[in-house]
Amino acid sequence: MYDFNAARKRSELLMNIRTHFISKGYLEVSTPTLSPYLIPEPTIKAFGTRFINEFEGCRDLYLIPSPEIFMKKLLAAGSGSIFQISQCFRNAEQLGDVHNPEFTMLEYYTAGADEKDSIGITIEMIEKTALKGIRAPWMDEKPLVITMHEAMMKYAGVDMDRAEDISYLRKEAVRLGLHPGDGESWDDTFNRIFLTYTEPSLPKDREVYLTQYPDRIRCLAKKDGDRPCRKRWEMYISGIEIANCYDEETDREETRKYFEEEEARLVRERQGTGDVIPPADPSFPSLDIPQSSGGAMGLDRLLAVHLGLNCIAPLLLFPLSDMLRPEKPETV
Amino acid sequence: MIKAGQIDKGTALLIKGQPFVCIEREFVNPGKGSAFVRLKLKSPATGQVLSETMKSQDNAEDITVEDKDLQYLYNDGENFYFQNAETFDQIDVPMKSFPDYEYFMKEGETYRATFWEDQVLDIIIPSKIVFTVAEAEEAVKGDTVQGATKYVTTETGLRVRVPIFIKQGEKIRVNTETKEYLERVNS
């Protein structure tokens, strides 16, 4: 019932990752999983709970979808390079092969680095922390770095230089046999094409670093010069999204703008739906974040691809899906 | 109408007037994007499989289906033949729509089937089935290494790797998803 062999592999991987980052001079930190405020991210739904406190008043608290908010405060306070392995929580995600509402995340920030440096840092970390006696075939292939521009052209025939224009993007979606909804946002039409044609076609036999995400998908990564993209990448192995990385935004004005716009969008989209609306951290936009690059990696997924699996449930001792779903009929 | 996010394995949908059954559903939440679902939908009539990516909030046309118990009779290489356990009507289902199902169809056993109008959309295979070993290789003499295995064939033609102590005529329990031997069943 419980796969203790998988539990041992998980323990080994976590130990290797800790040892690796500590040997590279990163400080391991532990930050809260329960917080009164979050970074506004309209596409992520948080778990909300209530802190009962009869002395100072009750407060709504939220389980963190990532420790980013606290780790950036430490960076701004001069921590230098830091990492953390923590439990993170995302609500409203269906239970699936590579999703569990509670999962283990590695978050690592390298002071002075940019997102290009982080590719090398990540490749080295994965190589150095691999499990003993198990070498998945993808580890022997040279990692691929490909821009979103190249990938969208190659796998969907869509020219990202023209895609800023939503009418072009919609036309391309229709040409590809997709059905973008009326008045659909740029992000959603882009993702329809990306998820149907581009993401499934990325090579599955190696680490793939997909770089230069469109500027229109808002995030706290720096803008990439004059081009309509951001200094952000996502990494895939065996077709599974494993990690996400930014050259962290250091411009306080840009951060303030992001907070204002995304919080407004979050409130607009959720009001009246019953979904929790976590307040944005008011002090965050004033943080003086130094030049740094941060990566976030799903460790349940990394462990799965090391073991040649395409799902994480067998690696969790208590997957939520098992706790919630009745079993199928046993026998004829 | 249902939201695409509510579609699960086994959900029946009407696409351009034709019924399809969801056989795979993968939830995808692209980094910093809204939730989408990637679906594989199978036409029970032709066996054709469609891939669709929909936003969780998109609407899809679902159809009302009904589960009925069917007793499996036989197959002739083209169709499976069942009898409705209540009405005794005979029902034929094209085998090409359900590849490999013949290995799990035991004569006389009752299976739950999902119907839309008169059409069988899905046949539910239990997660574990007890089979009789129809043919077993003789264990190689002297091969006493612990964990040694051999192949046997069940009465339905399924080849299963089993421990060498399993003999012809014995009953074994098999995981139907992995086609792996689970245990010997004492009758």
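Helices here are DSSP runs of H or I with at least four residues, strands are runs of E with at least two, and both are numbered from the N terminus. Axes are lines fitted to C-alpha atoms, for helices over the stretch in contact, and angles run from 0 to 180 degrees between N-to-C directions.

This is a predicted model: local features need pLDDT of at least 70, side-chain atom pairs count only at pLDDT 80 or more, and totals for chains, interfaces and linings use all residues. Residues are numbered from 1 along each chain as its sequence is written, and chains are lettered from A and ligands numbered from 1 in the order in which they are written.

**Stop 1**

Select residues 148-156 of chain A, helix α4, and residues 186-198 of chain A, helix α6. Their axes lie 9 Å apart, at an angle of about 65°. The crossing of α4(A) past α6(A) is left-handed (the near helix is turned anticlockwise from the far one by less than a right angle; clockwise would be right-handed). Now show the contact residues (C-beta atoms, placed from the backbone, within 7 Å). α4(A) gives Ala151(A), Met152(A), Tyr155(A) and Ala156(A), while α6(A) gives Ile193(A), Tyr197(A) and Thr198(A). Six are nonpolar, one is polar and none is charged. In this scheme Ala, Val, Leu, Ile, Met, Phe, Trp, Tyr, Cys and Pro are nonpolar, Asp, Glu, Lys and Arg are charged, and the others, Gly among them, are polar.

**Stop 2: α5 and α6**

Contact residues include Arg170(A) and Glu172(A) of α5(A), and Trp186(A) and Arg192(A) of α6(A). The contact of α5(A) with α6(A) has six nonpolar, one polar and three charged residues.

**Stop 3: the sheet**

Trace β1-β5-β6-β11-β10-β9-β8-β7 in chain A, an open sheet of eight strands with mixed pairing. Strands pair if DSSP finds at least two bridges between them. The edges are β1 (27-28) and β7 (144-147) of chain A. Next, pick β5 (residues 82-89) and β6 (residues 102-111) of chain A: they run antiparallel, joined by eight bridges. Ile85(A) has Leu106(A) as its bridge partner in β6(A). Then select residues 299-306 of chain A, helix α8. α8 of chain A lies across strands including β9 (229-237) and β10 (240-247), and runs at about 65° to β11(A).

**Stop 4: chain B against chain A**

How many residues does each chain bring to the contact? Chain B brings 23 residues and chain A brings 25 residues. On chain B, select β3 (18-28), β4 (36-42), β5 (49-55) and β12 (128-136): each supplies at least two residues. The side of chain B that touches chain A has seven nonpolar, seven polar and nine charged residues.

Notes:
Contact = placed C-beta atoms within 7 Å.
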